[in-house]
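Try each task before reading its solution.

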Amino acid sequence: MSITELHKEEHFFIVKNEEVMMKSNIQLELLEKIIKKYSKGTETFEVEGYFIHVLETSQGNLFHVKPFMQFSHIDFMNPLSNKVLNSISDGVTVCDCAGKILFQNDNDIEIVGIDLMGRYAKDVIAEGLMSDSISMKVIESKEKVTILQTFINGKCFLVTGKPIFDEHGELQYVVAITRDMTQLKLLEKEVKKLEVQNENFKNKLHALHTKESTKSSLIAVSSAMMQVVKRVMRIAEVDSTVLIGGESGVGKEEITKLIHANSRRNDKQILTINCSAIPENLLESELFGYEAGAFTGAARGGKAGLFEIASGGTVFLDEIGEMPLLLQAKLLRVLQESEVQRIGSGKPIPIDVRIIAATNRNLAEMVRQGDFREDLYYRLNIIPIEIPPLRQRRQDIIPLVNHFLAVVGEKYGIHRTIDSSAMKILESHDWPGNVRQLKNMVERICLLATQPEITVFIVQQELDSNTMIARDIENPVQIQSIQEQVVTPKFSGTLKEQVAAFEKQIIKEALSKYPSIRQAAKSLGCDQSTLVRKIQKFQLTRQISYKD
C-alpha cells in the first residue's frame, strides 16, 4: 500500500480567533465536532475514531486529524465480505455511528444511481440526493427501522436499517438494505388488475348463472300480472306450500321457476312432476320410490322416489287435480310429516322439500264432488296464486311476442319482425290457449314466413287455420268431411295452372282488402313493382289507387 493511500484520511486545519483560516478537504461536519470538543490548552483528544493533535503556531492553532486505523474504503472489509455483499441482489450500505457511509455494494450504487462511499448521510440529504436517511434514524433510535425512501432518480425504495453494537453496547455501525420497489409496485398493480378482472369474471359467471336459472318467458307489464309477481316475491323467501291456479298455458310453471329462483333453495334443484302424464300404476313408485322386491320387476337395491331426490330443493306438482285419491293421502303425509315411505318399506325417510302445486281445474268443486281430498286441498291452499288468462291482460301480449321473436331468432338463427297492423291483430285475439298458444303461433309464423317482416296477411292466415283446427278438435264427428275439403283441390288443371290460379286469387283478395297497391304489396310481402306486373299478367282491371 502506498504512502498516499495510507494517509489519505489525514486532514488538517488552522483556527485563529475562532475562525478557520486554512483547511484540507476535511468533512465540514467532522471539523465542527472537533472545534466544539476542543478545549484551550488541550494538545490531544479523540473524536469519533479520529486522533487530533493540536499545535500552537504564530498563524494560529494547527489541528492535525488522523484516524486511529489507517484504511481505505476498499480495505474496510476483507475481500470475501466484499464479494459476498456484492453478490446480493439488494442494495447494501454500511455506515459508522456518525452517519458516514463506509461501504456501498455494487447493486446499491446501480439501484440508487449514486456512489455515496465516504460521504455523510446528512450532507447527501442537504444536497437533495435523498429524501431521508435510514442511517440517521437508526442512529437516533438505536433500533431497527424500515422506511420508504425516494432518491434523485425518482425511484421509490424500501430501506431497512439495523444497528450493530460493540462489546460495550455502544452503536458502532448501521447496515442498510435497499430494495427497489418499482418492480414490486408494478407487480402490485398487476395483481390488483387481475383481482379486478377476477371479480368481473365472477360477476359475469354469477349473472350467467342467474340468467340461466331464471330464464323465463314470464312477462309482467299489465297491472294484473304485476300483482301476481309482487305476491310471488313476497312469498318466495318462506317455505309455505303454494297452490297456483289458472287456465292451461297461462304460465304456471314459469311462476314456479320465479318462486324457486328467489327462494333460499335457489342453489338446489327443482323437480317438475306432471301428475297427469305418469300412468297411475307408476306414479306412486315414481314419487315415493320402492324397496328391492317390492313388486315384480322392481330394480335391485330399490329406487329413491322423486321426493327423496329433490330433498333440499323444490317439487312442482303440475296438474295436481289429476292425482288419484290413494296417492293424495300419501302426499298429505309428506306435507304434514316431511317424510316419505317407500313401497315395500315400513321405515319413514325424512325429507326437506318445498311443494308447489298447480292446476287448471276447480279443486273446490272437486272437493264437493268427492274427487279431491278436502284435507289435502286446505293443506295445499295455504298461499293461493291465481294467474289471469291472456285475454284479461292484453298489455302483456306485445311484450310476449317480442320476447318470443328473440327466442326464435336465437334458436333458429332467423330474424323476423311483425308490422304494427299484424301486432294489433295478435293483441286483439282471445288466445284460448294463453301464453303457450301465443308462443307456438309466433314460432310458426316466423318459420313459415318468406320475408323478414311478418304481415297482416300471414298472421290472419295462420289464425284462421288455427281456428279451423280448434273446431276440428271440438267437433270430431266432422273431422272426415273437413279432411275431404282440405284434400279436394280448389283449382283444376296442371300444376302450373293451379299455382297461377291460386296466386291470382290471393292477389284479388289482397286488392279487395287494401285501398292501395303499396299496402296490398306490403301485406303480401312483395315489392310494389312486382305486384303491378302480377296485376297486369292476370288482367285484374279493377280500379284501385296506386297511392297510400
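**Exercise 1: the side chain of an asparagine**

Task: find what the side chain of N105 reaches, and decide how N105 is placed.

Solution. Start with the backbone oxygen of D90, which lies 3.2 Å from a polar atom of the N105 side chain. Next, take the backbone nitrogen of D108: a polar atom of the N105 side chain is 2.9 Å away. Polar contacts are pairs of N or O atoms within 3.5 Å; within protein, one must be able to donate a hydrogen and the other to accept it, and residues adjacent in sequence count only if both atoms are side-chain atoms. Now place the residue: N105 sits in the loop between β7 (101-104) and α4 (106-112). Helices (H or I, at least four residues) and strands (E, at least two) are DSSP runs, numbered from the N terminus. N105 is buried, at a relative accessible area of 0%; buried means under 20%, exposed over 50% and partly exposed in between (1.4 Å probe, protein chains only). Finally, list the neighbours: leaving out residues up to four places away in sequence, N105 touches L85, N86, I88, D90, G91 and V92, where contact means heavy atoms within 4.5 Å.

A note on the source: this is a predicted model, in which local features need pLDDT of at least 70 and side-chain atom pairs count only at pLDDT 80 or more, while totals for chains, interfaces and linings use all residues. Residues are numbered from 1 along each chain as its sequence is written, and side-chain values use heavy atoms, with hydrogens and water left out.

**Exercise 2: aromatic pairs**

Task: work out how the rings of F13 and F63 are arranged, and which residues form one aromatic cluster with them.

Solution. The structure holds five aromatic pairs. Rings of Phe, Tyr and Trp (its six-membered ring) pair if their centres lie within 6.5 Å; planes under 30 degrees apart count as stacked, over 60 as edge-to-face and the rest as tilted. For F13 and F63 the centres are 4.7 Å apart and the planes at 10°, so this pair is stacked. F13 belongs to strand β1 (residues 11-16) and F63 to strand β5 (residues 60-67), so the pair ties together parts 50 residues apart in sequence. Both F13 and F63 are buried. Turn next to Y38 and F45: with centres 6.2 Å apart and planes at 40°, the pair is tilted. Y38 counts as buried at 17% relative accessibility, and F45 does too at 11%. Together, F13, Y38, F45 and F63 form one aromatic cluster.
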